[in-house]
Amino acid sequence: MRTVSGPTDRVVIVGAGLAGLSAALELAGAGRHVTLLERDAEPGGRAGVWRSQGYQIDTGPTVLTMPELIADSFAAVGENLADWVELQPVDPLYRTRFPDGSVIDVLGNPEQMADQLRQVIGPQEAAGYQRFVRDVTAMYRIQMNDFIDRNIDSPLDLLTPNLARLVAAGGFTRLSRWVSRYFNDPRTQRIFSFQSMYAGLSPHDALALYAVISYMDSVAGVSVPKGGMHAIAKAMADAATKHGVQLRLNTEVDRIVTSSDRATGVVTADGEHIAADAVVLTPDLPIAWRDLLGQQPRHVKRLTYSPSCALLLAGSHTSYSQIAHHNLHFGRSWESVFAQIIDRGELMSDPSFFVTNGTYRDPSLAPDGKHTYYVLFPTPNTTSGIDWTTQGPKYRDHMVATLERAGYVGFGDAIETEHFTTPADWQAKGMAAGTPFAARHTFRQTGPFRPSNLTGENIVFAGSGTTPGVGVPMVIISGRLAAARITG
């Protein structure tokens, strides 16, 4: 493994999102003097929070999987995650609804899930699910140590016995084909393959090795932190400062100072110079290259990006008894949705969408008797050319109308306060191509072919734009991998 050369006593981390916080805890635990600079007034980055009129709603991820990875970050400084954050299991993990009116709950207990599929679809589907759980768990174990939680410098680093096991497990076939080995019903095929959208790909294009996202999402279990996902970021920041990390909020970095191939420090927007032996950059990788390093390397210019999303956060005086904490609503079309969004850069004509009802588990997120809703519709990213200045308000109304047709009666009239984010807004926040999901996980942008997390002698990247990729578990791991480049 390549590591930072020279002294590494003083480390400056740019960005106190989950990746930066993960790196800070690992480095503090390894005895480094860490300065963590965050441009916003509180930590969290994409795992932020919006507050209005007594409502509190996450602005980024709402699904927490693999909390043991976050526990590892706390353990790096001798802390116990349970002492900092109260986690509750979510069950059902998701409630999925289909145009024919059918409902399938994705349950955290595999035996109960198999029983449900036996009753709703039939014994063959239940048996297929049991085989799927067995095989996707094995695929996750094959990949985790050798291909995910590991710094990879060359494709040759992939030549381990587990590569042959991954091939034998079908990891390099297409995800949709692999999932169809286990499920005959189109509903279950969708439930266990839609996660490829997180990787920026259709299930028909994604490699089956990305079934590990389904494992994390629909097999290993989902948790909800009291206080929302932002509570995780706050707890990580508090633990880091307890163990010596200097967290400086409202501090924007203007540029990285370099000498030859080495960073010597950073300069803040108000002109302060902070010396460093190593620098960790967690802003979206292409933006970090452009704005902080003043470069646009060829491999970064060539990147293609995942779809984006429109996000409506709403504080409401109405509840809906038919929903769960996390809810997936599938439209009639499937392949055409991906073709519209990814291939043609068009808005969905037959929407599939996601709703989190945060107060379902945590009423403290709203005033007494009130409710929070996080509504996400996948959209093209800003390379599509859609003018969100004019399209945004129309699409917000379209989302509300779609919700009401899907059973959220009177949703629009019940809203007391709201916040709407479009791909243009994501871009203005510093996300390349206006997507919070970073570069797509095509084969040429995966593993050793994804932008490296080490450049020059001592500049390290973390976050979803580098290895291992997108999603809360991957971002937490990215911070750990960045720290390992520095500590060796």
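Guide: Buried here means under 20% relative accessible area, with exposed over 50% and partly exposed in between (1.4 Å probe, protein chains only). This is a predicted model, where local features need pLDDT of at least 70 and side-chain atom pairs count only at pLDDT 80 or more, while totals for chains, interfaces and linings use all residues. Numbering runs from 1 along each chain as its sequence is written, and side-chain values use heavy atoms, with hydrogens and water left out.

Visitor: How many aromatic pairs are there?

Guide: A pair of rings is described by the distance of the centres and the angle of the planes. Rings of Phe, Tyr and Trp (its six-membered ring) pair if their centres lie within 6.5 Å; planes under 30 degrees apart are stacked, over 60 edge-to-face, and the rest tilted. That rule gives 27 aromatic pairs. Take Tyr 129 and Phe 192: with 5.9 Å centre to centre and 40° between the planes, they make a tilted pair. Tyr 129 sits in helix H4 (residues 123-148) and Phe 192 in the loop between helix H7 (186-191) and helix H8 (211-218), so this pair ties together parts 63 residues apart in sequence. Helices (H or I, at least four residues) and strands (E, at least two) are DSSP runs, numbered from the N terminus. Tyr 129 counts as buried at 2% relative accessibility, and Phe 192 is buried at 0%.

Visitor: Back to the two tyrosines: why is the pair of Tyr 320 and Tyr 408 edge-to-face?

Guide: Their ring planes stand at 65°, with the centres 5.2 Å apart, so they count as edge-to-face. Tyr 320 is in the loop between strand S15 (308-316) and strand S16 (326-329), whereas Tyr 408 is in the loop between helix H13 (388-405) and helix H14 (411-414), 88 residues away. Ring pairs also build a cluster, with Phe 98, Phe 330 and Trp 334 among its members.

Visitor: Which side chains of helix H2 are buried?

Guide: An α-helix has 3.6 residues a turn, so residues three or four places apart point the same way. In H2 (residues 67-75), the buried ones are Pro 67, Leu 69, Ile 70, Ser 73 and Phe 74. They span an arc of only 155° around the axis (taken from the directions from the helix axis to the C-beta atoms), so they lie on the same side of H2.

Visitor: And S15: how many of its residues are buried?

Guide: Nine of the nine, so the strand is largely enclosed by the rest of the structure. Both faces are covered, including Leu 312 on one side and Leu 313 on the other.

Visitor: Which strands pair with S15 in the antiparallel sense?

Guide: Strands pair if DSSP finds at least two bridges between them. S15 pairs with S18 over nine antiparallel bridges, and Gly 315 has Thr 372 as its bridge partner in S18. With strand S19 (residues 415-421), S15 makes six antiparallel bridges, and Leu 313 stands opposite His 419 there.
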